[in-house]
Amino acid sequence: MIIKTFINPPFGNNNYLIIDESSHDAVLIDCSAPSPDIIEFLKDNKANLKYILITHGHFDHIMGLNYFRDKCPAPVFAPAKDKDIINHMLDYIENTKNTLNSIPNYTPDTKIPVIDNYFDNDISFKIGNNEIKVISTPGHTSGSVCFLLNDTLFSGDTMFYHSYGRTDLPSGNETEIFKSLDLLLSLPKETVVLPGHGNETTINEELNFYGAKNE
Ligand SMILES: [Zn+2]
């Protein structure tokens with residue numbers, strides 16, 4: 001299995017491309033910006049993009065979807081509870097306009113992307129013979145999910161290296177995110193955590209961090 005990180009605008013978002021070498025299936029997790037590099041990497045590895053999976057509905061995780069629909073179409077799956085946030089994406093872009101305009105060589109997409117499937121949490125996805133499980137982790141948004149593929153967790157904006165996602169945006173809830181973090185900390189310690197922004201971590205690293213804080 002190849003997991004390749006692409007760091008994309010607008011906010012140093014991590015988009016993860018997973019390729020199963022035996023089946024040539026590929027899955028993209030989050031899609032922040034038009035990214036010719038991702039398409040090139042797919043071609044170089046003779047991989048077929050099977051799905052695009054979205055961890056939550058914030059615009060900085062979905063603004064590349066229109067480009068992919070055009071260049072390399074694959075069905076897009078996003079959490080049903082974040083449908084409202086996605087439909088209000090343009091308001092969030094408007095509110096963040098000054099920040100977005102200050103990013104060099106960057107023009108935000110101003111068309112709401114098409115989501116082919118809004119999923120509830122009892123769904124899973126196949127890549128080759130492997131299963132990508134959905135773990136519901138509300139708190140950053142009410143629909144936020146993490147995706148678990150074997151011993152790798154794609155944690156969106158729920159768990160970051162020594163940190164966690166903000167809860168002051170619409171549908172954010174601090175009590176909920178702490179419950180979600182507790183749930184993630186119960187995963188096997190060796191689980192590698194690949195977040196939506198910043199450095200990767202492990203469950204063991206985060207257990208030590210939170211343990212040390214509580215002492
Ligand atoms: Zn977010």
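Which residues does Leu53 touch, not counting residues up to four places away in sequence? I was working on a predicted model. I found that Leu53 touches Val27, Ile29, Phe77, Phe125 and Phe147.

**Entry: core**

I then looked up the core around Leu53. The largest nonpolar core holds 45 residues. Val27, Ile52, Leu53 and Phe147 touch the most other members. I noted that Val27 and Phe147 also sit on the contact list of Leu53.

**Entry: the sheet that begins with β1**

I turned to the strands. I found an open sheet of 6 strands in the order β1-β2-β3-β4-β5-β6, and its pairing is mixed. The edges are β1 (2-8) and β6 (117-119). Each has a single partner strand, so one side of each is left without a neighbour in the sheet. On average, neighbouring strands here are turned by 25 degrees against each other, direction ignored.

I checked one pair in detail. Strand β5 covers residues 76-79 and runs parallel to β6, with 3 bridges between them. I looked up Ala78 and found Tyr118 in β6 as its bridge partner. Phe77, a contact of Leu53, falls within the residue range of β5.

**Entry: the sheet that begins with β7**

I listed another open sheet of 6 strands, ordered β7-β8-β9-β10-β13-β14. Its pairing is mixed too. β7 and β14 (201-202) are the edge strands, and each pairs on one side only.

I walked along this sheet from β7. Strand β7 (residues 124-127) pairs with strand β8 (residues 130-136) in the antiparallel sense, over 4 bridges. I picked out two facing pairs. Lys126 stands opposite Glu131 in β8, and Ile127 stands opposite Asn130 in β8. The hairpin of β7 and β8 has 2 residues between the strands. There I noted Gly128, with a positive phi near 55 degrees.

Next came β8 and β9. They run antiparallel and are joined by 5 bridges. Val134 stands opposite Phe147 in β9. I had already met Phe147 in the core.

In β9 (residues 145-149), 4 of the 5 residues are buried, so the strand is largely enclosed by the rest of the structure.

I went on to β10. β9 and strand β10 (residues 152-156) pair in the antiparallel sense over 3 bridges. Leu149 stands opposite Thr152 in β10. These strands form a hairpin with 2 residues between them. In that turn, I found Asn150 with a positive phi of about 50 degrees.

**Entry: helix α6**

I finished with a helix. Helix α6 (residues 174-185) has 12 residues. It reaches 16 Å from its first C-alpha to its last, close to the 16 Å expected at 1.5 Å a residue.

Which residues of α6 are buried? I found Ile177, Ser180 and Leu184. Seen down the axis of α6, the buried residues fall within an arc of 60 degrees, so they line one face of the helix. I then checked the other side of α6, where Thr175 and Asp182 are exposed.

Notes: Residues are numbered from 1 along each chain as its sequence is written. This is a predicted model: local features need pLDDT of at least 70, side-chain atom pairs count only at pLDDT 80 or more; totals for chains, interfaces and linings use all residues. A nonpolar core is a set of buried Ala, Val, Leu, Ile, Met, Phe, Trp, Tyr and Cys residues joined through C-beta atoms within 7 Å. A residue is buried if 20 or more other C-beta atoms lie within 10 Å of its own, exposed if 12 or fewer, and partly exposed in between; C-beta atoms are placed from the backbone. Two residues are in contact if their C-beta atoms, placed from the backbone, lie within 7 Å. Two strands pair if DSSP finds at least two bridges between them. Axes are lines fitted to C-alpha atoms, for helices over the stretch in contact, and angles run from 0 to 180 degrees between N-to-C directions. The expected span of a helix is 1.5 Å times one less than its number of residues. The arc is that of the directions from the helix axis to the C-beta atoms.
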